[in-house]
Amino acid sequence: MGRAASALRRPPVALGRRIRRATHAEGAGESGLGKLIELHAVNSAGDMLITVALASTVFFSVPTGEARGRVALYLAVTMAPFAILAPVIGPLLDRIPHGRRAAMAAAMLARALLALTMSGAVATGGLELYPAALGVLVSSKAYGVVRSAVVPRLLPPRISLVKANSRVTLAGLLATGAAAPAGAGLHLLGEEWPLYGAFAVFLVGTFLSFSLDHKVDSAKGERPARLAPVPQVLPVPGAATEQRAQQAEQQPGPRPGLRTVGVSVLSALFANSALRCLSGFLTFFLAFLLREHPFHGMGAAVSLGLAGVAAGAGNALGTAIGAWLRARGPEVIIVCVLFCALGATLAAALLYGTVTVTAVAATAGIVQALGKLSLDALIQRDVPEEVRTSAFARSETLMQMSWVVGGALAMALPLIGRLGMAVAAAVVAAGVLTAVRGLVGAARRGTPHPRAA
């Protein structure tokens, strides 16, 4: 009996050791990054379990017309308020730099309790489901903002920021891939069971948040980032000139955002906003389009699965490419991914079909991952250290808002494949027009910076 128990226990223990070696490699264990990687995997798994439960209730359980109405209601009740709350998340978290671990734990615990709340309403799809879903969404994005701000604090000497972020993201993708079939299996037991699973996962995440290194809560040398320009001080004769200049520089600007960032970072923000808007648009538009008009010779479930797998594989591939590139020439990378996305969406608009739409889904995953990693590298390179953490928080908030806008745009369109791909191309074209000139100009100037390790 003891030998049998030992034999059964051996494979999970061996798997756990391998995972721990991977997450703690290259100094990540000593710096504390390894624990953040594991925490993000737990977070991603919990979010996927909630997604499975909501998708089965809001999307799959009713006819297409009714499902679209439910999702429109979901957008109105959850994402519209989130679009109002999102700009507050970054500034609010700036006020608690000494409580980042507690903030991450609170985001985990809130989703655990909200998952239990939703378990009672998921079967009926009642209106009480939507406020709870809004709470889950806000908590999830708050966690994402804090995570982006925390990574620079846990960076090992031998790993660049872009590589660290790619490892965190890849861990989340792997956990999502593992949680999806687990959630489907739990759903077979009952519609509320994926939410019970999410409750348990987020409860684990709550305790893991406090296991992060204490330097996560350190705010030494940090200042809130602002978008307003530094007030200009005209030269005034006298000994008080330097003192007046210092006081003006310390005076807060009229509105919050990203201050002391160059053209590269601002252009990269515009580009990534377009790419994230494209992601939100494709998520909702393809979900309904392929359910109503699946690929030729395929059922709706197979068509949706093909598009989902393509997007997930593209995201993982983009993350791997980003780690391999080591943030060399991030401006050039962002320009390249913008034109790749534009080419793929234009091809799908002109030659709509299984191959082109699948290619669009895969391309969207690749370019979103590469664009975000390149943006992180530019913030690391060009934003002063004392405002870098705040810059990460605010950029993440902007990305999430862009995803919301893309989803709302998809819900407003009729289910016409060529039209949707044309609108997707227009979204990317807007990013090209607003970002490419600044990125190319910055790349030509060749801003000197320390090479990422």
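Which residues is N315 in contact with, leaving aside its neighbours within four places in sequence? I looked them up: L173, G365, I366, Q368 and A369. Contact here means heavy atoms within 4.5 Å.

**Ground rules.** I am working on a predicted model, where local features need pLDDT of at least 70, side-chain atom pairs count only at pLDDT 80 or more, and totals for chains, interfaces and linings use all residues. Residues are numbered from 1 along each chain as its sequence is written, and side-chain values use heavy atoms, with hydrogens and water left out.

**Whole chain.** I find 15 helices and zero strands in the protein chain. Helices (H or I, at least four residues) and strands (E, at least two) are DSSP runs, numbered from the N terminus. Of 453 residues, 50% count as buried. Buried means under 20% relative accessible area, with a 1.4 Å probe and protein chains only. Among contacts with a separation of 6 or more, 86% join residues 24 or more positions apart.

**N315 and D376.** N315 sits in helix α11 (residues 300–325). Its relative accessibility is 17%, so N315 counts as buried. D376 belongs to helix α13 (residues 354–382). D376 is at 2% and therefore also counts as buried. Not counting residues up to four places away in sequence, D376 touches L161, N165 and F392.

**α10 against α13.** I checked helix α10 (residues 263–292) next. Its axis is 9 Å from that of α13, and the two pack at about 150°. Axes are lines fitted to C-alpha atoms, for helices over the stretch in contact, and angles run from 0 to 180 degrees between N-to-C directions. The pair is therefore roughly antiparallel, a term for angles over 145 degrees. The crossing is left-handed: the near helix is turned anticlockwise from the far one by less than a right angle. The contact includes L275 and R276 of α10, and Q368 and K372 of α13. By class, I get 14 nonpolar, five polar and four charged residues. Ala, Val, Leu, Ile, Met, Phe, Trp, Tyr, Cys and Pro count as nonpolar, Asp, Glu, Lys and Arg as charged, and the others, Gly among them, as polar.

**α12 against α15.** Helix α12 (residues 330–350) and helix α15 (residues 417–445) cross at roughly 160°, their axes coming within 8 Å. They too are therefore roughly antiparallel. This crossing is left-handed. Its contact has 24 nonpolar, two polar and two charged residues.

**α7.** How far apart are the end C-alpha atoms of helix α7 (residues 161–189)? They are 42 Å apart, which agrees with the 42 Å that 29 residues should span at 1.5 Å a residue. The expected span is 1.5 Å times one less than the number of residues. Just after α7, G190 takes a positive phi of about 160°.

Note on methods:
Angles under 35 degrees count as roughly parallel, over 145 as roughly antiparallel, 65 to 115 as roughly perpendicular and the rest as oblique.
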